[in-house]
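Hi,

Here is the structure I promised to pass on.

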Amino acid sequence: MNLALTVNGQAWSGEVEPRLSLADLLRERLRLTGTHLGCEQGPCGACTVLLDDEAVRSCLLLAVQADGHAVTTAEGVDLDLGPVFQCGFCRPGFTVTAEALRRAGLPASEEALSGNICRCTGYGPIVDAVRRCLT
Amino acid sequence: MPYLADVELPAEALEVAFVRSPFAHAAFGAIPDAVAFSAWPRPQPGRARYAGEPVALCWAATRAEAEDAAEAAEVEWEPLEPAAPTTFFERTFDSGGVDELLAGAARVFEGEFTAARQTPLPLEARGVIAWPRDGRIELWTSTQVPHVVREHVAQTLGIEEDLIRVRVPEVGGGFGLKAHVFAEEVALAAAARATGRVLRWVEDRTENLLASAHAHDTTVGLRLGVDAEGRFLAVDAEASADVGAYSLHPFTASLEPATCAQTLFAPYAVRALRWRARALSSHRCPVGAYRGVGMDAAVHATERLVDEVAAGLGIDPLELRLRNAHPVVPVTTAGGRALDSGDYPRLLRDLAERAGYEQLLRERAEARAQGRWFGIGIGFFNEHSGTGRSDYRRRGVTTIPGVDAARIQVTEGGRLVISTSAAEAGQGHAATYRRLAARELGVLPELVDVVEGDTDVAPFGSGTFASRGAVGVTEAVVRCLRRVAAADLAPGTDVVETVDATQIYPAGAHLAVAEVDPVSLVARVTRYVAVEDVGTILEPELVDAQVRGGVAMGIGDVLLSEHVYSEDGQLRTATLLDYLVPLASDVPPVEIHHIESPSPHTTLGSKGVGEAGTVGAFGAVSNAVADAVRSQGAKLTRLPYSPARIYEALGEKKMAPPRG
């Protein structure tokens with residue numbers, strides 16, 4: 001199928017298989033490997049990107065569902081949560097979630113950040129970092 | 001460094017998908033259109049022993065096409081009846097005197113406590129790239145044990161170790177999972193050698209939950225004799241682990257039950273101890289290492305029983321622990337553990353002071369008067385870290401190198417290159433070594449390069465597990481740094497140190513406050529205080545990061561995480577919607593305090609800190625939840641302490657009106 005979208009402000013169009021996920025389009029075709037895949041089942045949030053201004057799981061969205069939309073990945077977000085991570089695999093997901101909160105004018109909270117799994121930090125330092133970035 | 005799935009590959013690289021057994025036990029015939037990896041040694045070829053076991057691999061230009069091929073592979077499966085459990089491992093220990101002391105005890109308390117089947121679940125799953133280059137295989141793998149992988153893959157393929165170069169990319173968490181060598185690593189190396197093609201396999205989460213390594217699944221039976229003052233006299237214990245279908249390399253099936261049995265009641269001055277530890281097979285995913293390993297099950301069982309004793313005798317749980325903690329360390333326990341340093345009563349007294357224990361007891365009384373299910377729990381523990389070669393050999397384990405090593409080179413340009421046998425997964429090794437170099441040599445940290453995870457460069461050693469970073473690895477780095485200092489940092493200096501570390505026993509006392517909702521039966525941890533003795537602290541922020549993350553993991557392990565199989569051996573928890581881990585809203589702030597008693601076994605006195613948080617939480621969180629529902633007549637013994645388990649434990653009382 002033909003697909004046209006913008007990614008981090010740049011227009012992209014091309015032929016894709018209908019079954020291609022948005023995450024695989026970003027990672028394998030566009031080589032934007034900042035979007036991480038942690039579960040491909042929805043819960044972990046590592047693959048979070050913005051579809052227009054909304055945080056979505058790029059692993060659960062088909063690439064063709066993004067047709068005509070603006071996609072923003074961690075590479076396109078100007079927010080630095082700083083050295084609060086350990087392994088860092090969850091960082092892009094938290095960064096994009098923080099950007100979604102910023103755009104919506106919502107404050108950081110444990111609940112607002114409960115859509116992203118981190119196995120290393122115990123969350124406290126990440127929640128504090130998002131709070132710092134949003135105030 | 002990129003993560004494994006982000007490593008740039010040549011355009012002709014192929015993606016691999018595995019054909020996996022749909023049955024818990026089955027025979028299978030030849031598999032056309034797929035390469036059955038004959039290189040992997042099987043006791044009986046053509047037999048799968050758990051659902052999800054990889055039996056063959058397929059490759060294609062994309063992962064989706066490789067999965068299509070794996071799905072289309074026509075495998076003639078012949079489902080089989082389950083085999084009777086095999087005893088993979090059994091060991092007993094007897095200090096002597098247990099029967100006499102139990103017979104003379106004022107009371108004997110008994111209990112059976114179960115640690116659930118869980119899994120380490122690093123956020124990045126496993127992955128392997130096998131890249132033929134210059135007659136060798138460059139094996140990129142997301143591992144904690146690069147040299148162990150090289151050795152085992154080469155041995156399995158029957159080739160010289162020199163023909164394999166293991167390279168470790170950025171690792172998105174390990175927690176013990178990536179300290180094993182897996183069939184997939186061997187299979188990709190074998191297939192790449194056979195085809196000359198670059199092959200990549202990136203594990204998906206379903207595969208990871210189904211068929212990487214599980215953990216725990218250990219039941220501990222305890223009998224504890226106490227005197228009239230509540231002093232612990234003797235312990236008779238049985239630890240039995242369902243370790244799944246295979247004994248994993250390199251730790252073997254002995255890991256979980258042996259670690260568990262050795263840890264039981266180790267912080268307490270019991271006079272006699274007897275245990276039997278067993279590993280039994282089943283048609284389930286193999287059990288391996290996960291942060292704390294058998295220490296988690298041991299501390300859960302020990303600390304839960306201690307609280308049952310306190311309740312039974314009407315003694316405050318903190319007072320009972322103070323009465324029974326080793327009054328003086330160093331001491332050799334009844335179980336033969338040579339505790340090297342520490343002040344156990346002080347750990348408990350500091351915990352009481354930091355947590356405001358008396359005030360908490362008043363808060364609990366007020367909360368309960370309002371009908372709230374409010375609990376306080378203490379987890380008092382010691383653990384072992386940094387296990388060395390000699391210790392492993394004494395236990396009969398020959399598959400783990402046990403040594404840790406470092407190499408330091410001074411370049412002509414005056415830079416320092418530190419390489420070690422460890423493998424980083426976010427703990428902060430590089431920052432630690434740089435600051436050690438600055439402290440020991442006065443060099444600027446930015447003049448230090450750190451290399452880990454490349455078997456062509458790094459010295460041979462164990463890797464990263466068993467909290468060995470601040471034990472053997474740091475010891476090797478410090479010894480090298482001092483030799484470089486003695487050489488006056490002369491360019492061209494090149495030193496290697498290999499350390500066979502003596503096992504060390506960090507200790508700690510944790511306290512959790514929990515509240516159980518009387519309607520939903522959901523338990524929440526509302527406050528957490530940890531007092532740790534991990535010896536001399538090298539990097540305060542990194543140490544606290546390990547403790548905080550470890551506690552969060554332990555909270556999830558006690559309240560949420562459990563793998564469940566159906567009667568016919570199918571995993572029912574193969575997604576993160578079913579297998580639960582803690583989220584930001586599940587973890588309270590963790591208040592961390594330290595006492596520092598330097599270990600005599602390391603030059604700097606550090607003891608290792610990778611697992612302490614998790615081990616302590618198994619005691620503190622489980623006791624807090626158990627305390628919250630004890631007032632309702634429920635006794636919790638089987639992890640996780642989920643709403644379903646609390647509902648079961650409430651029995652008759654569960655239909656009572658929720659509020660009073």
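**What I found**

Ala64(B) sits in helix H1 (residues 63–72) of chain B; helices here are DSSP runs of H or I with at least four residues, strands are E runs of at least two, and both are numbered from the N terminus. Before going on: this is a predicted model, in which local features need pLDDT of at least 70 and side-chain atom pairs count only at pLDDT 80 or more, while totals for chains, interfaces and linings use all residues. Residues are numbered from 1 along each chain as its sequence is written, and chains are lettered from A and ligands numbered from 1 in the order in which they are written.

Back to Ala64(B): it counts as partly exposed because it has 17 C-beta neighbours inside 10 Å. (Buried means 20 or more other C-beta atoms within 10 Å of a residue's own, exposed means 12 or fewer, and partly exposed is in between, with C-beta atoms placed from the backbone.) Its C-alpha is 8.7 Å from that of Glu15(B), 49 residues apart along the chain.

**Helix pairs in chain B**

H7 (residues 294–313) and H15 (residues 612–630) of chain B have axes that come within 8 Å and cross at roughly 35°. Axes are lines fitted to C-alpha atoms, for helices over the stretch in contact, and angles run from 0 to 180 degrees between N-to-C directions. Nonpolar covers Ala, Val, Leu, Ile, Met, Phe, Trp, Tyr, Cys and Pro, charged covers Asp, Glu, Lys and Arg, and the others, Gly among them, are polar.

H12 (residues 429–441) and H13 (residues 469–486) of chain B pack at about 35° too, with axes 10 Å apart, and this crossing is right-handed. Their contact has nine nonpolar, two polar and two charged residues.

**The core**

H15(B) turns up again here. The largest nonpolar core has 259 residues, of which Ala130(B), Val621(B) and Val625(B) touch the most other members. (Such a core is a set of buried Ala, Val, Leu, Ile, Met, Phe, Trp, Tyr and Cys residues joined through C-beta atoms within 7 Å.) H15(B) gives the largest share, eleven residues. Beyond its neighbours within four places in sequence, Val625(B) is in contact with residues including Gly375(B), Ala514(B) and Tyr641(B).

Most residues other than glycine have a negative phi, and most peptide bonds are trans. Two cis bonds to check: His249(B) to Pro250(B), with omega about 5°, and Leu639(B) to Pro640(B), with omega about -5°. Pro640(B) lies in the loop between H15 and helix H16 (643–650) of chain B.

Positive phi values, near 55°, turn up at Glu40(A) and Ala466(B). Glu40(A) is buried, with 21 other C-beta atoms within 10 Å, and Ala466(B) is buried with 30.

**Where the chains meet**

The contact takes 26 residues from chain A and 33 from chain B. The chain A side has twelve nonpolar, nine polar and five charged residues.

Cheers

Key. Contact = placed C-beta atoms within 7 Å. Left-handed = near helix turned anticlockwise from the far one by under 90°.
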